Amino acid sequence: MTLRRHLGGYAIIGLAQWLLEYGLMLALSEWVMPVEPANVIGRVAGAMLGFWLNGKWTFASEDTHVGRHAALRFVTMWLVLTAANTWIVAHLDDAFGLHMAQLLKPGGDLLTGGIGFWLSRHWVYKKRTA
């Protein structure tokens, strides 16, 4: 599979994930709860959407598999990237306030999304070797 195909698929699915994630974070942090748990809830919703779609479409090949092993790798990656993303958003909130944290969150999303792309392509969906 080419890098171009992977990037294109990841971008399309990532945009759908991000719209769901960001929309939930905005709505929940504006009306219901602090930005940190709102960010985590948004990321959970986006992750559920993206794991299966990226595994079955974006990174699908003879060398990949979407199963329990990939799910465990994905959860490990997701937890680390969610902690990093939430730390970024929380620090933006502390430093600049809620509205600036909401406005600047996409920058943190691009950073953690880029790391997630690389890990997904080279680690998460790769078949286990005996």
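This report describes the helices, nonpolar cores, aromatic pairs and charged network of a predicted model.

## Basis of the values

The model is predicted, so local features need pLDDT of at least 70 and side-chain atom pairs count only at pLDDT 80 or more, while totals for chains, interfaces and linings use all residues. Residues are numbered from 1 along each chain as its sequence is written, and side-chain values use heavy atoms, with hydrogens and water left out.

## Helix α1

Helices are DSSP runs of H or I with at least four residues, strands are runs of E with at least two, and both are numbered from the N terminus. Helix α1 covers residues 3-31. From its first C-alpha to its last, α1 reaches 40 Å with 29 residues, close to the 42 Å expected at 1.5 Å a residue; the expected span is 1.5 Å times one less than the number of residues.

The buried residues of α1 are H6, G9, Y10, I13, Q17, E21, Y22, M25, L28 and S29. Buried means under 20% relative accessible area, exposed means over 50%, and partly exposed lies in between, with a 1.4 Å probe and protein chains only. These buried residues pack against α2, α3 and α4, where contact means heavy atoms within 4.5 Å.

## Nonpolar cores

A nonpolar core is a set of buried Ala, Val, Leu, Ile, Met, Phe, Trp, Tyr and Cys residues joined through side-chain atoms within 4.5 Å. The largest one has 13 residues, and those touching the most other members are F51, F59, F74, M77, V124 and Y125. Two or more residues each come from α2 (35-58), α3 (68-96) and α4 (98-124). The largest share, 5 residues, is that of α3. Another core lies apart from this one and has 6 residues, including M25, L28, V35 and V89.

F59 is buried at a relative accessible area of 2%. Beyond its neighbours within four places in sequence, F59 is in contact with H6, Y10, N54, T64, F117, S120, R121 and Y125.

## Aromatic pairs

The whole structure contains 7 aromatic pairs. Rings of Phe, Tyr and Trp (its six-membered ring) pair if their centres lie within 6.5 Å; planes under 30 degrees apart count as stacked, over 60 as edge-to-face and the rest as tilted. Y10 and F59 make a tilted pair, at 5.9 Å centre to centre and 55 degrees between the planes. Since Y10 is in α1 and F59 is in the loop between α2 and α3, this pair ties together parts that are 49 residues apart in sequence. Y10 has a relative accessibility of 17% and counts as buried. Both residues belong to one aromatic cluster formed by Y10, F51, F59, F74, F117 and Y125.

Which type of pair do W18 and Y22 form? The pair is stacked, because the ring centres are 4.7 Å apart and the planes are at 15 degrees. W18 and Y22 both lie in α1, 4 residues apart, or about one turn of the helix. W18 is partly exposed at 24% relative accessible area, whereas Y22 is buried at 15%.

The structure holds 3 salt bridges, each a side-chain nitrogen of Lys or Arg within 4 Å of a carboxyl oxygen of Asp or Glu. E21 meets R43 at 3.6 Å, N to O. With E21 in α1 and R43 in α2, this pair ties together parts that are 22 residues apart in sequence. K105 meets E21 at 2.7 Å, N to O. K105 lies in α4 and E21 in α1, so here the parts tied together are 84 residues apart in sequence. K105 also meets D109, at 2.8 Å, N to O; K105 and D109 both lie in α4, 4 residues apart.

E21 and R43 are buried, and so are K105 and D109. The relative accessibility is 8% for E21 and 1% for K105.

N85 lies in helix α3 and is buried, with a relative accessible area of 0%. Its side chain joins that of D109 through a polar contact of 2.8 Å. A polar contact is a pair of N or O atoms within 3.5 Å; within protein, one must be able to donate a hydrogen and the other to accept it, and residues adjacent in sequence count only if both atoms are side-chain atoms. Not counting residues up to four places away in sequence, N85 touches E21, N39, R43, K105, G108, D109 and T112.
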